[in-house]
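Me: I am new to this structure and would like a close look at a single part of it. Please take me through that part slowly.

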Amino acid sequence: MKDTSKEFSKLYKELLLTKSNEERLKMGCSMYETAKQLVEVSIREQRPHISSTEMLKEIFLRFYASDFKPAEQKKVIQHIETSSRESGAK
């Protein structure tokens, strides 16, 4: 979906290009953190007592499920579980 006018898109791009690389990186990181927090809140609303390991798996699936084939997803999830057990996370 693209509901932004060409004029505004051009202005936005010009404004972004006035920022330094560091500023643009910080903006991107901030946007990612905000999105992650919103996802966590959404997951907690559905599963209030979710463990930290389960939360990591759910976040992975919400952000990246469409980027990985089911077999690859399974490997990542297994890695999350193994890493959590090794670190003593619940």
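Which residues does Ile 59 touch, not counting residues up to four places away in sequence?

Reply: This is a predicted model, in which local features need pLDDT of at least 70 and side-chain atom pairs count only at pLDDT 80 or more, while totals for chains, interfaces and linings use all residues. Residues are numbered from 1 along each chain as its sequence is written, and side-chain values use heavy atoms, with hydrogens and water left out.

With residues up to four places away in sequence set aside, Ile 59 touches Lys 36, Val 39, Glu 40 and Ile 43, where contact means heavy atoms within 4.5 Å. Ile 59 also belongs to the largest nonpolar core, whose 5 residues are Val 39, Ile 43, Ile 50, Met 55 and Ile 59. A nonpolar core is a set of buried Ala, Val, Leu, Ile, Met, Phe, Trp, Tyr and Cys residues joined through side-chain atoms within 4.5 Å; buried means under 20% relative accessible area, exposed over 50%, and partly exposed in between, for a 1.4 Å probe and protein chains only. Two or more residues of this core come from each of helix 2 (21-46) and helix 3 (52-64), helices being DSSP runs of H or I with at least four residues, numbered from the N terminus.

Helix 3 also holds both Phe 60 and Tyr 64, which lie 4 residues apart, about one turn of the helix. Phe 60 counts as buried because its relative accessibility is 9%, whereas Tyr 64, at 33%, counts as partly exposed.
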